[in-house]
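Welcome! Let us take a walk through this structure together, one part at a time.

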Amino acid sequence: MSVPRLVIAAPSSGSGKTTVATGLMAAFASRGLAVSPHKVGPDYIDPGYHALAAGRVGRNLDAYLCGAELVAPLFAHGARGCDVAVVEGVMGLYDGAAGEGELASTAHVAKLLRAPVVLVVDASSQARSVAALVHGFASWDPEVRVAGVILNKVGSERHEVMLREALDESGVPVLGVLRRAGDVGTPSRHLGLVPVAERRAEAVEAVGVMASRVRDGCDLDALIALARSAPALSGAAWDPAEVVACGAISPTPPLPETEGSAPRPPYRPERPRPQTPDGLSGAPLVAIAGGPAFTFSYAEHAELLAAAGAEVVTFDPLHDEQLPDETAGLVIGGGFPEVYASELSANEPLRKAIAELAFSGAPVAAECAGLLYLSRELDGQPMCGVLDAAARMDERLTLGYREAVAVSDSVLAAAGTRMRGHEFHRTVVEPGAGAAPAWGLHAPQRRVEGFVQQGVHASYVHTHWASAPGVARRFVERCRTS
């Protein structure tokens, strides 16, 4: 597969990657190009702005959550039929999963995609030193092709001349210069940018400003030519129907007992259940929470559920007073329920409907925000009451990748199944685990967390089902039989 592509990276966070990547997507789209937007890492928020800019769903490329071998196939899946792909990096170019070397870094993903890298440099406090910085990043790993620089926060024409003169000696061409400017209208909150779904009109305006700045300051023709210089990728694109049909999650022995943990059920390997001749026994409806309070969801999850035979419908817990008719399963991903606690609490009919569905034994998968919503209360506001736990905001940020092993049999996985996940929250749930915990975690300390009860699997840990398509198949099978 040959898709022209660029990776937009930076020496560090805060250099302007999101502004440049989002503006570039919108600028390319305004030229009539079909643009495929991607984000390195687990971040859910930036892809919302990417989708607004490109008019196509934003997708994540995470070598830790999905494995390095899936990065190129997932990229090819997302970029089908597109003229160009823009991949926004994460943190600094060479920053990866803690203690794992280059794993999941922007540089790692760029190498897996064989994509040229454009380095966005905050030049606000430097002149000739910019050449040393760019030279260092360009020469650090010879397998990473740093093929251009975009200078951000340039103060004046004289400043630009000084920077260009210095970079003439580096051998890395300057492909754009963005002048120092005020806020482009992307406000931040306790976990980063405010999601598009919460401020769509303002977000549209902000993306327009980003596009205008990139069009005015960057050489779009040179950037397109650079994207087209990327070689073809070998291998097939990821296909949800194919992986659901043959993919599985292989259980591994659970983590050793940890102090205070509940006893582990015996390890039992998962075996695919027999299906009807046409591969289906009806199309159960799986409702996925959306709207401003629940904005975090990987696009591949819905695709896998559909490939497993489900009818997938999105609903908004802020406004819909009932679940979709004939809901057989429920998925509640991440988001910011803490911002909308009063409104979610006020929607008592839906809270009761969700509780009734959960207590009936129907499959319910809840991650992070979903965990909070299923709790008894959130910052003192009544929630769904499915879990006997209380949630509250906390000053401490919990952030990082996780190695997880399923402690209890659930609608997602058999006990002993090993998966990788990610935590990102400023809330606390007390207690942190139920009588049957969801996961045993390795780091930052060994602990059990989450809740498995009846058909409910609720946890702070975000997982990417593309790495374990058996999760979607198992969930849909349980929807048929519950």
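What you see is a predicted model. Its mean pLDDT is 90, and 90% of the residues reach 70 or more. Over residues 250-280, however, the pLDDT is below 50, although this stretch has 59 contacts in the model beyond near neighbours in sequence. Where pLDDT is low, the predicted coordinates should not be read in detail.

Now look for the open sheet, where 7 parallel strands follow the order S3-S2-S4-S1-S5-S6-S7. Strand S3 (59-61) and strand S7 (174-179) are at the edges with a single partner strand each, so one side of each has no neighbour in the sheet. From one strand to the next, the twist averages 25°. Strand S6 (residues 146-154) runs parallel to S7 and is joined to S7 by 4 bridges; here Leu151 stands opposite Val177.

Two helices can be found against these strands. Helix H1 (residues 17-30) packs on the sheet, with S1, S2, S4, S5, S6 and S7 among the strands touched, and makes about 165° with the direction of S4. Helix H8 (residues 220-228) lies across S1, S4, S5, S6 and S7, at about 115° to S1.

Methods:
Residues numbered from 1 in each chain as written. Predicted model: local features only at pLDDT ≥ 70, side-chain atom pairs only at ≥ 80, totals over all residues. Heavy atoms only, no water. pLDDT = per-residue confidence, 0-100. Contact = heavy atoms within 4.5 Å. Pairing = 2+ DSSP bridges. Axes fitted to C-alpha atoms, helices over the stretch in contact; angles between N-to-C directions.
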